[in-house]
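Here is a short report on the structure below.

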Amino acid sequence: MADDRRLDGNAIGGMMLELFGVEMTTATEVCRTCGTADVVARLEVYMDAPGTVVRCAHCKAVLMRIVRGPDRTWLDLSGFRSIELRSPD
Amino acid sequence: MPQISRGFHGRRSEGPSDRIPPGQHLVDDFPVLSAGPTPHTPLDEWTFTIQGGAEPASWTWDEFQALPSEEITTDIHCVTKWSKLDTVWKGVSLDTLLGLVDHDAGYLLAFCDGGYTTNLPLEHVTDGKAWIAYDYDGEALEPEHGGPARLLVPHLYFWKSAKWVRGFRLQDEDEPGFWESNGYHILGDPWLEQRYWGD
Ligand SMILES: [Zn+2]
């Protein structure tokens, strides 16, 4: 069933660390569609599609699409209004 | 290598090797790929709409079921590298649907419950190449496989066969859809391994 296929934002933590070198799961994002602020770890993630889709847990809008080819990665972050990353102490 | 899949009507006499595009492997099950929650639109709220013609056209579920339907046996190829042979579907040909609309468009953008979109040139969905399918293997298409109705364009990678389809917008331009706008190939011919931009 579809809901069994849904992961949370922790599922993209390793990939974000690899791509950007930052721990993203503890970041706070704001959804461009509904304005809800949430911690990335709490977002909804679907990874069995042809790419990875990250959705707002509140309004289900697509926040982020990630497509990984053998030699390239495509990122669409247009569903976020902002992402607040904490600097290391 | 054929440029168009020969699988519109699967021929068992052909050995699998010439029915499996490069880089693909065969599966017996039917993997489910989802980019979001599965919609459950009640049939009495379902419509299929074609926009962008001289007049908008729309069918209710019952009206859609009354359109001439075809049984299709075909091979399907997912960009995640699985292929499945001799799948059996029933649905309405896009030749039938587009024949009911006065238009001079070259492309369509399919739209779906859940917000998914995919783009197709009309030359790739006419002449018996594409259907709106509502039965799979003799039964009503299950929601996890795109029911009540999905696009079926078996000669292209299966992300083009959009689940939960609700209509088309006919257009003059080839506007990239959900995956095509973020890395996946604008057309997606499995025999040419058109997976990503620039392939
Ligand atoms: Zn939202």
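## Around B:S83

The side chains of B:S83 and B:H77 make a polar contact of 2.7 Å. A polar contact is a pair of N or O atoms within 3.5 Å; within protein, one must be able to donate a hydrogen and the other to accept it, and residues adjacent in sequence count only if both atoms are side-chain atoms. The model is predicted: local features need pLDDT of at least 70, side-chain atom pairs count only at pLDDT 80 or more, and totals for chains, interfaces and linings use all residues. Residues are numbered from 1 along each chain as its sequence is written, chains are lettered from A and ligands numbered from 1 in the order in which they are written, and side-chain values use heavy atoms, with hydrogens and water left out.

A polar contact of 3.2 Å also joins the side chain of B:S83 to that of B:Q24. B:S83 sits in strand β5 of chain B, residues 82-93. Strands (E, at least two residues) and helices (H or I, at least four) are DSSP runs, numbered from the N terminus. Is B:S83 buried or exposed? B:S83 is buried, at 0% relative accessible area. Buried means under 20% relative accessible area, exposed over 50%, and partly exposed in between (1.4 Å probe, protein chains only). Leaving out residues up to four places away in sequence, B:S83 touches several residues, including B:I20, B:P21, B:L26 and B:I76. Touching, or contact, means heavy atoms within 4.5 Å.

## The interface of chains A and B

22 residues of chain A contact 22 residues of chain B. The size of an interface is often given as the accessible area lost when the parts come together. Here the buried area is about 1,800 Å², and carbon and sulfur atoms give 59% of it. Buried area is the accessible area (1.4 Å probe) that two parts lose on being put together, summed over both. On the chain A side, A:P50, A:R65 and A:W74 lose the most area to chain B, together 34% of what that side buries.

Nine residue pairs are in polar contact between the two chains, both residues at pLDDT 80 or more. The largest share, five residues, comes from β6(A). Between chain A and chain B there is one salt bridge. B:D199 and A:R72 form it through their side chains, at 3.8 Å, N to O.

A:C31 in strand β2 (residues 28-31) and A:C59 in the loop between β5 (52-55) and β6 (62-68) of chain A lie 28 residues apart. A:C31 is buried at 0% relative accessibility, while A:C59 is partly exposed at 29%.

## Salt bridges within chains

Over all chains the count is 14 salt bridges. A salt bridge is a side-chain nitrogen of Lys or Arg within 4 Å of a carboxyl oxygen of Asp or Glu. The table shows three of them.

| Pair | N to O distance |
|---|---|
| A:K60 and A:E44 | 2.8 Å |
| A:D76 and A:R65 | 2.4 Å |
| B:E193 and B:R195 | 3.1 Å |

A:D76 and A:R65 are both buried. In chain B, B:R195 is buried at 5% relative accessibility, and B:E193 is partly exposed at 30%. A:E44 is buried at 7%. A:R6, A:E44 and A:K60 are linked in a salt-bridge network.

## Backbone points

Most residues other than glycine have a negative phi, and most peptide bonds are trans. A:K60 has a positive phi, near 70°. A:K60 lies in the loop between β5 and β6 of chain A and is partly exposed at 32%. Phi of B:K81 is also positive, near 90°. B:K81 is in the loop between β4 (70-77) and β5 of chain B. The peptide bond from B:G147 to B:P148 is cis, with omega near 15°.
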